[in-house]
Amino acid sequence: MTQVSNPCPGHKITKYLIFGAASFDSRGMTTVAITNRKGGVGKSSLTTNLAAALALEGKRVLVIDMDSQASSTAVFLDELPQGALSTAHVLIGQAALEDIIVPSTREGVFIAPASRELTAAQLTIVARTGRETILRRAMRSLQGYDLILIDTAPEQQLATVNSLVAASHVLMPFTPDPKALEGLRTTSEAVAEIAAADLGQATVLGCVQIAHDRRLAVTEQAREQVRKAYGEGLLETRIRANSSFIVCPAWHRDIFAIERGERAPRRGSEDYRALAIEIAGRLGWKEMSDAQVAV
Ligand SMILES: Nc1ncnc2c1ncn2[C@@H]1O[C@H](COP(=O)(O)OP(=O)(O)OP(=O)(O)O)[C@@H](O)[C@H]1O
Ligand SMILES: [Mg+2]
C-alpha cells in the first residue's frame, strides 16, 4: 500500500501518519494495536475474532489485553483466577510478560490477560521515567508468534499509549454512524502524536467497518465519508451486524465457536475469515491471502 490522502486535513501532526504494511520489528513479529478513541465500536470483538480467524488458518497469535474492562480476556478465558497475574503486573514491573501468557479457549491463540488492577497500575507508573515504553520493553523477549494483537481502551490513558508505542501497526474499527469519522480522526491524531514525540512509528494497517447493516442509509453514508478521508486505508471487508457477537464474552468463546453449531449462514465466521484473508494480504502473507473465502 502507498501513502493515501491525509484523513485529518489542517491538522499539523498528521504528517507523521503513515499508511501501509510497512516494516516488521526486529523479531520479525508484527504487532497490531486495535484502537479507537470512541467506545463500543468493536475493538475487543475485532481483536478476539480476528485472532481466532488467523489461528484457524494455522497462525500462532498472541492477544495482549490492555483494557481494564478485560473484554478480550473474558472471551478467551473461562475465568481469570483471583490474584492471577495480568498486564497490570507487567506495567508495574511485578511480572515478565512471558509469565502472564496462558493458552486461550481457542487453539493457537494465547492471551496476556487484563484485570481491573490495570486502572491502579497506571496510577502507579504515572511518574516513572520511561512509563510510555514499558510494554514495548516487556515484549522484547517474546518469540514464536506470527502476530500479536493488542486490545486497547477507548481512553487515551497510559495503557493505551504503551500499546500504541509497542505497535508496528494500528487497526481502527468503526461503526457506521455520523460520528464515525470524528472518532477515527481523534484516533489518528493520537497515533500521530506518538510518532511526533519519537515514541513509536505505527503504520495504519486499515479501518474496519463493524456492524454493517445495508438496510440503513446512514451506514453507506458513514462508510463513504471514511472512504473519502482514508482512501485505500478503508478495508473492503465489512463485519455485518449480527447479534451473535453479544454472547462471546459471557460464553467465553469467539464467534467461530458460537456459530459452529448453527446452520448456515454463519455470517460472523464468514466475515471474520474474509477479513483475516484481506489483512493477510496487506501484511504480505501470501499463502493465506491466496486462499478462497469459504467457511
Ligand atoms: N458485527 C457486530 N454486530 C453487532 N454487534 C456487534 C458486532 N461486533 C461487536 N458487537 C457488539 O458491540 C458491542 C461493543 O463491542 P466491543 O466490546 O467489541 O467494543 P469496544 O470498542 O471494545 O468497546 P470499549 O470501547 O468499551 O472497549 C458488544 O456488545 C459486541 O458484542
Ligand atoms: Mg473493548
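Guide: Welcome! Helices are DSSP runs of H or I with at least four residues, and strands are runs of E with at least two, numbered from the N terminus. This is a predicted model, and its chain comes to 13 helices and eight strands. Alanine 70 sits in the loop between strand 2 (61-66) and helix 2 (71-76).

Visitor: Why is alanine 70 called buried?

Guide: Alanine 70 has 22 other C-beta atoms within 10 Å. The cut-off for buried is 20 or more, so alanine 70 qualifies. Across the chain, buried residues make up 47% of the 295 residues.

Visitor: Which residues does alanine 70 touch, not counting residues up to four places away in sequence?

Guide: Alanine 70 touches Asp65, Pro113, Ala114 and Ser115. In each case the C-beta atoms lie within 7 Å, because that is what contact requires. Also, the C-alpha atoms of alanine 70 and arginine 116 are separated by 7.5 Å, though these residues are 46 residues apart along the chain. For the chain as a whole, among contacts with a separation of 6 or more, 78% involve residues 24 or more positions apart.

Visitor: What makes helix 1 and helix 12 roughly perpendicular to each other?

Guide: Helix 1 and helix 12 (residues 267-283) pack at an angle of about 75 degrees, with their axes 9 Å apart. Angles of 65 to 115 degrees count as roughly perpendicular, so this pair falls in that class. Helix 1 brings Asn49, Leu50, Ala53 and Leu54 to the contact, and helix 12 brings Tyr272, Arg273, Leu275 and Ala276. Those residues divide into six nonpolar, one polar and one charged.

Visitor: How many residues surround ligand 1, and which are the closest?

Guide: There are 18 residues around ligand 1, and the closest are Gly39, Lys43, Ser44, Ser45 and Phe245. Two elements give two or more residues to this shell, helix 1 (43-56) and strand 7 (203-212). Helix 1 gives the most, with three residues. By type, the shell divides into eight nonpolar, eight polar and two charged residues.

Visitor: Which residues touch the most other members of the largest nonpolar core?

Guide: Those are Val61, Leu149 and Val170, in a core of 87 residues. Membership requires a buried residue of a listed type, such as Val or Leu, joined through C-beta atoms within 7 Å. Leucine 149 touches Val32, Ile34, Thr47, Leu50, Ala51, Val61 and Val63, leaving out residues up to four places away in sequence. In soluble globular proteins, nonpolar side chains tend to be buried together.

How values were computed
Residues are numbered from 1 along each chain as its sequence is written. Chains are lettered from A and ligands numbered from 1 in the order in which they are written. This is a predicted model: local features need pLDDT of at least 70, side-chain atom pairs count only at pLDDT 80 or more; totals for chains, interfaces and linings use all residues. A residue is buried if 20 or more other C-beta atoms lie within 10 Å of its own, exposed if 12 or fewer, and partly exposed in between; C-beta atoms are placed from the backbone. Two residues are in contact if their C-beta atoms, placed from the backbone, lie within 7 Å. A residue is near a molecule or strand if its C-beta atom, placed from the backbone, lies within 6 Å of it. Ala, Val, Leu, Ile, Met, Phe, Trp, Tyr, Cys and Pro count as nonpolar, Asp, Glu, Lys and Arg as charged, and the others, Gly among them, as polar. Axes are lines fitted to C-alpha atoms, for helices over the stretch in contact, and angles run from 0 to 180 degrees between N-to-C directions. Angles under 35 degrees count as roughly parallel, over 145 as roughly antiparallel, 65 to 115 as roughly perpendicular and the rest as oblique.
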